[in-house]
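Please go through the points below with the model open beside you.

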Amino acid sequence: MKKLLSLKNIVISIAILILIWQLLFMVSSYDKALFPSPKMALDALIEMTENGRLAENVTTSMYRFAAGYLSSVTVAVILGLILGRLPKVFQYINPAVQLLRPISPTAWMPFIVLLFGIGDVPAIVIIFIAAFFPVLLSTVAAVSNIDPIYLKVSKNFGIKQPALTWKVIFPAAFPQIANGIHLALGTAWIFLVAGEMVGAQSGLGYQIIDARNNIRADILLATILVIGLIGIILDGILKLIEKAILRSWGGVS
Amino acid sequence: MYIEVKDACKKFVQDGKEFTALDHVSLDIEKGEFICLLGPSGCGKSTLLNALAGFEKVSSGSVRIDGKEVTEPSIDNITIFQNYGLLPWRNVLKNVELGLESKKVPKEEREKTAKKYLGLVGLSGYEKRYPKQLSGGQQQRVAIARGLAVDPEIIFMDEPFGALDAITRMKLQEDILKISREEKKTIIFVTHDIEEAVFLADRIVVMMADPGRIKSIVKVPLGSHRDRTNDDFLYVRDKIFELFNMKVNDYIEYNI
């Protein structure tokens, strides 16, 4: 019942969005080619699907996203687990992290393109940067917030490193780490598009630039919709994985 | 002597003020004894227990177990905490196996041992449950099984039943008394509950606060079978109340 209700909410919400779009289209004085209707965007979507360009670009983007996001999460979690246990070392690293963190990953873009050239790497690097800080900081916080009784019990039962990390510290910190991983997913997905708009000749971000250059606003809007849709799907998949892990760990949630 | 505390002092600095948690405390405990450290909060009973268990070091004096100075926690001396300290992401069986894993016991034997001690604390059939699915009393039983599973010499208990309701607490007191007789463990038990101490202990170490010190050590001359309503039991309990100056000595006229 709850699921049905939320499905109803989704349908209504999206219907309203399309309705507003359609109304704006009808009242606006812009050329149809510059401000297309929902129907035109849908046609463009079908066209892209049929000629295979969409699938190609989605595959390219997903590959970059997976490479950047997964490597970033892995490095950030491992580093976070270490730094969380070394508060004295982290005191010296934290100011630098705080300095780098507010810099938009896109600001690095020209620099990254200069270093690595146009292609897969700039997009991957930008996703890496986008996901890195939220995951690192949430992992450090999670590790330093672990209930001290777990560490006391571990000491008492003779659990030493590295078992201490994977048997006690990581699982104890996991719910909070998962929060950071989840947050980073959205951020990373946003910056994938930015990265591909500047530093690539393929992928969904590039497809937007390409559509603009060809004055195909219908393709542009269709691509934007696809980006939003994939974002929702990725979020949903991560939520499922998170839930499954938490359940196998005794319903910590 | 098996456990020897000699002239132990422990000082903390709190908000710029020095605070004496233990003031020249000396105590000898024999193997197999059930000792209760009894006193109000701030009397240093938990500090003394933590020093014995190796979680904290004393500022001066010495704490020895079996002739060796205590410097860190050991798997031979297990502490049971008030808030259980179970790992919520492990099921009951895996929680009990925790210490056996560090002892490198093979998997099958681990499971066998864990099941045996879960049976001993009355939790057979709960192996696959998670701590969150258990009541407080059941969780503490799991913690006790986990402690017993590594076959420790000493069990330290830090107000282990403090968070439980009165009836569950009494049941667990009976069980721990039975277990201590059957398993022949040395048990050091911290409590602020006089009746609990009289029910459990061979000797009660009565402590006072500010500074934390031992006021007296009372031998409990009750046998292994204890009855809370028995005259002897009440007599010992009264003696302890007197030590805390809590016994009303005024003459009271009863009209029934």
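1. Burial terms come first. A residue is called buried if 20 or more other C-beta atoms lie within 10 Å of its own, exposed if 12 or fewer do, and partly exposed in between, with C-beta atoms placed from the backbone. On that scale Asp7(B) counts as partly exposed, because 13 C-beta neighbours lie inside 10 Å.

2. Basis of the note. This is a predicted model, in which local features need pLDDT of at least 70 and side-chain atom pairs count only at pLDDT 80 or more, while totals for chains, interfaces and linings use all residues. Residues are numbered from 1 along each chain as its sequence is written, and chains are lettered from A and ligands numbered from 1 in the order in which they are written.

3. Confidence in chain A. pLDDT is the predictor's confidence in each residue, from 0 to 100. Its mean over chain A is 90, and 96% of the residues of chain A reach 70 or more. Within chain A, helix H1 (residues 2-27) has the lowest confidence, with a mean of 87, and helix H3 (residues 53-85) the highest, at 94. Helices (H or I, at least four residues) and strands (E, at least two) are DSSP runs, numbered from the N terminus. Where pLDDT is low, the predicted coordinates should not be read in detail.

4. Domains of chain A. The bounds come from an automatic or database domain assignment. That assignment gives domain 1 (1-30) and domain 2 (37-248). The C-alpha centres of domain 1 and domain 2 of chain A are 29 Å apart.

5. Two residues are in contact if their C-beta atoms, placed from the backbone, lie within 7 Å. Chain A contributes 15 residues and chain B contributes 20 residues. On the side of chain A that touches chain B, the elements giving two or more residues are helix H7 (148-156) and helix H8 (163-199) of chain A. H7(A) gives the most, with 6 residues. By class, this side of chain A has 9 nonpolar, 4 polar and 2 charged residues. Here Ala, Val, Leu, Ile, Met, Phe, Trp, Tyr, Cys and Pro count as nonpolar, Asp, Glu, Lys and Arg as charged, and the others, Gly among them, as polar.

6. Overall dimensions of chain B. The chain has 7 helices and 10 strands. Along the principal axes, the C-alpha atoms of chain B fill a box of roughly 65 × 55 × 35 Å. Buried residues are 43% of the 256 in chain B. Of the contacts in chain B between residues at least 6 apart in sequence, 67% join residues at least 24 apart.

7. A sheet in chain B. Two strands pair if DSSP finds at least two bridges between them. An open sheet of 4 strands runs in the order E2-E1-E4-E5 of chain B, with antiparallel pairing. Strand E2 (17-29) and strand E5 (68-69) of chain B are the edges, each pairing on one side only. Strand E1 (residues 3-14) of chain B pairs with E2(B) over 9 bridges, and Phe12(B) stands opposite Phe19(B) in E2(B). E1(B) also pairs with strand E4 (residues 60-65) of chain B over 5 bridges; Lys6(B) has Ser62(B) in E4(B) as its bridge partner.

8. Backbone points to check. Most residues other than glycine have a negative phi, and most peptide bonds are trans. Which phi values in chain B are positive in the turn of the E1(B)-E2(B) hairpin? E1(B) and E2(B) have 2 residues between them, and Asp15(B) in the turn has a positive phi of about 50°. Asp7(B), in strand E1 of chain B, has a positive phi near 55°. Asp66(B) has a positive phi of about 55° and lies in the loop between E4 and E5 of chain B.

9. Cis peptide bonds. The bond from Gln161(A) to Pro162(A) is cis, with omega near 0°; Pro162(A) is in the loop between H7 and H8 of chain A. Asp210(B) and Pro211(B) are also joined by a cis peptide bond, with omega about 0°. Pro211(B) is in the loop between strand E9 (203-208) and strand E10 (213-219) of chain B.
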